[in-house]
Amino acid sequence: MIGGNTEAMLQIMGGTETNGIGEQVVQSWTDVQSLWGWLDLSSGDSKYTYNAKLQESTHIFITDYVPIDQRPHDKRLVVNGMVYEVLMIDDPMGLHEQLEISLKFVG
């Protein structure tokens, strides 16, 4: 059992609508699964662009295995109020012991 010191909420996109200029806008996010695990920085950078500081980072969240849809395209993870885009969900070697969720910090 991995356990962990961090609780995260896996969410899926609830649906989209089109705004006044034709862009697809997310209507809502729906909570799917609460996960306990470990969040760690994988790589990152913090730089200034046009006098605005931008943080670009990738993280990994390691948690006990739970059966979830492993396609990342409509998922995000919320950890301590911070939102991360799910890049990949990996069940290493298909052993069903843990999940390694690759993330990109988005705000």
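Thr63 touches Ile2, Leu35, Trp36, Gly37, Gln98 and Leu99, leaving out residues up to four places away in sequence. This is a predicted model, so please take what follows as computed. Thr63 sits in strand S3, residues 52-64, and counts as buried because its relative accessibility is 2%, under the 20% cut-off. One of those contacts has a polar part: the backbone oxygen of Trp36 lies 2.7 Å from a polar atom of the Thr63 side chain.

Next, the core. The largest nonpolar core has 15 residues, and Leu35, Phe61, Leu77, Val86, Ile101 and Leu103 touch the most other members. Strands S1 (6-18), S4 (75-79), S5 (82-90) and S6 (98-105) each give two or more residues to this core. S6 provides the largest share, four residues.

Take Leu77. Beyond its neighbours within four places in sequence, Leu77 is in contact with Ala8, Met9, Leu10, Leu35, Phe61, Met82, Val83, Tyr84, Val86 and Leu103.

Last, the aromatics. How many aromatic pairs does a search of the whole structure find? One. The pair is Tyr84 and Phe105, with ring centres 5.5 Å apart; the planes are at 65 degrees, so the pair is edge-to-face. Tyr84 belongs to strand S5 and Phe105 to strand S6, so the pair ties together parts 21 residues apart in sequence. Are these two residues buried or exposed? Tyr84 is buried at 6% relative accessible area, and Phe105, at 14%, counts as buried too.

Conventions
Residues are numbered from 1 along each chain as its sequence is written. This is a predicted model: local features need pLDDT of at least 70, side-chain atom pairs count only at pLDDT 80 or more; totals for chains, interfaces and linings use all residues. Side-chain values use heavy atoms; hydrogens and water are left out. A nonpolar core is a set of buried Ala, Val, Leu, Ile, Met, Phe, Trp, Tyr and Cys residues joined through side-chain atoms within 4.5 Å. Buried means under 20% relative accessible area, exposed over 50%, partly exposed in between (1.4 Å probe, protein chains only). Contact means heavy atoms within 4.5 Å. Rings of Phe, Tyr and Trp (its six-membered ring) pair if their centres lie within 6.5 Å; planes under 30 degrees apart count as stacked, over 60 as edge-to-face and the rest as tilted. A polar contact is a pair of N or O atoms within 3.5 Å; within protein, one must be able to donate a hydrogen and the other to accept it, and residues adjacent in sequence count only if both atoms are side-chain atoms.
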